[in-house]
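Me: I am new to reading protein models. Can we go through one together, feature by feature?

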Amino acid sequence: MSSQGCSSSLLRSRAFVPLGRHGVVCLGSTEVDTFDEQTIDLVETVASTVETAWDRAKSEAQLEQRNEELTRLNQLNSLVRKIDTSLVEAETVDAIDDAVCERLIASPRYEFAWVGEFDADADSVRPRSWAGVDSSTLQKLTIANDNPAVAPDPLRECNTDPRDAGYRGYRH
């Protein structure tokens, strides 16, 4: 679309070519009748090419994000399979705890893991098995329920009722 003459501007010729959802190309000239049909057709062709390139770049970025997410999910699925294998091979509760912690820290995603047990007398969760940190570091990580508003008890935060498995994680 072109627009000729306008008293509020020094521009005497204008052309506006839409770029779809990306915006618009605006051309201007101080000369009258600068943009003929051939020039407008050329600008529309270039604008269409630019719009297509931007759409392709956006699609490629989305594809890259999906591929990264699929890679992450594949790594997590692989980790779950390894943990499952370890659980089948374990013969005691301690062996299960150790296997879970060891498998988690063998993954590049986690630096340490621990399995805790609720101590009703101390009203806290105490580590039962861990990997990736030493015991002095782990002692600092013991979760106490001194002030529920500040330090929530993960056993109360994590629903352990199998009938309501929608919320089972604790993040802090």
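**Reading charges, pairs and strands**

Reply: Start with one residue. R21 has 62% relative accessibility, so R21 counts as exposed. Keep in mind that this is a predicted model.

Me: What does R21 meet in a salt bridge?

Reply: First the general idea. Side chains of opposite charge can pair when their charged atoms come close. Here the side chain of R21 meets that of D55 in a salt bridge, at 3.0 Å from N to O. The pair links distant parts of the chain, 34 residues apart. D55 sits in helix α1, while R21 lies in the loop between β2 and β3.

Me: Is D55 buried, partly exposed or exposed?

Reply: Buried means under 20% relative accessible area, and exposed means over 50%. D55 has 22% relative accessibility, so D55 counts as partly exposed.

Me: How many salt bridges are there?

Reply: The count comes to 6 salt bridges. One of them joins R56 and E60, with the closest N and O atoms 3.4 Å apart.

Me: How far apart are R56 and E60 along helix α1?

Reply: They are 4 residues apart in helix α1, so about one helical turn separates R56 from E60. E60 counts as partly exposed because its relative accessibility is 47%.

Me: Which residue forms a salt bridge with R126?

Reply: That is D119. The closest N and O atoms of R126 and D119 are 3.7 Å apart. R126 has 39% relative accessibility, so R126 counts as partly exposed. D119 is partly exposed too, with a relative accessible area of 25%.

Me: Which residues are linked in a network of salt bridges?

Reply: Look for D97, E117 and R128. Salt bridges link these residues in a network.

Me: Which residues form a negative surface patch?

Reply: D36, E37, D41 and E44 form it. Take E37 as the example. E37 is found in helix α1, which covers residues 37-89. Its relative accessibility is 59%, so E37 counts as exposed.

Me: Now the strands. In which sense do β2 and β3 pair?

Reply: They pair in the antiparallel sense, over 6 bridges. Strand β2 covers residues 13-18, and strand β3 covers residues 24-29. Follow two of the partners across. R14 has G28 as its bridge partner in β3. F16 has C26 as its bridge partner in β3.

Me: How do side chains point along a strand?

Reply: In a regular strand the side chains alternate between the two faces of the sheet.

Me: What lies between the strands in the hairpin of β2 and β3?

Reply: There are 5 residues between the strands. G20 takes a positive phi there, near 60°. R21 is in this loop as well. You have already seen its salt bridge with D55.

Me: Let us step back. How many helices and strands does the protein have?

Reply: The protein has 4 helices and 6 strands. From the N terminus on, the elements run β-β-β-α-α-β-β-α-β-α.

Me: What share of the residues is buried?

Reply: Buried residues make up 17% of the 172 residues in the protein.

Technical notes
Residues numbered from 1 in each chain as written. Predicted model: local features only at pLDDT ≥ 70, side-chain atom pairs only at ≥ 80, totals over all residues. Heavy atoms only, no water. Pairing = 2+ DSSP bridges. Helix = DSSP H or I, 4+ residues; strand = E, 2+ residues; numbered from the N terminus. Patch = residues over 30% accessible without salt bridge, like charges linked within 9 Å, V, L, I, M, F, W, Y side chains within 5 Å. Areas by Shrake-Rupley, 256 points an atom, 1.4 Å probe, with all protein chains shown as cover. Salt bridge = Lys/Arg side-chain N within 4 Å of Asp/Glu carboxyl O. Lys, Arg positive; Asp, Glu negative; His and termini not counted. Charge placed at Lys NZ, Arg CZ, Asp CG, Glu CD. Buried < 20%, exposed > 50% of the residue type's maximum accessible area, 1.4 Å probe, protein only.
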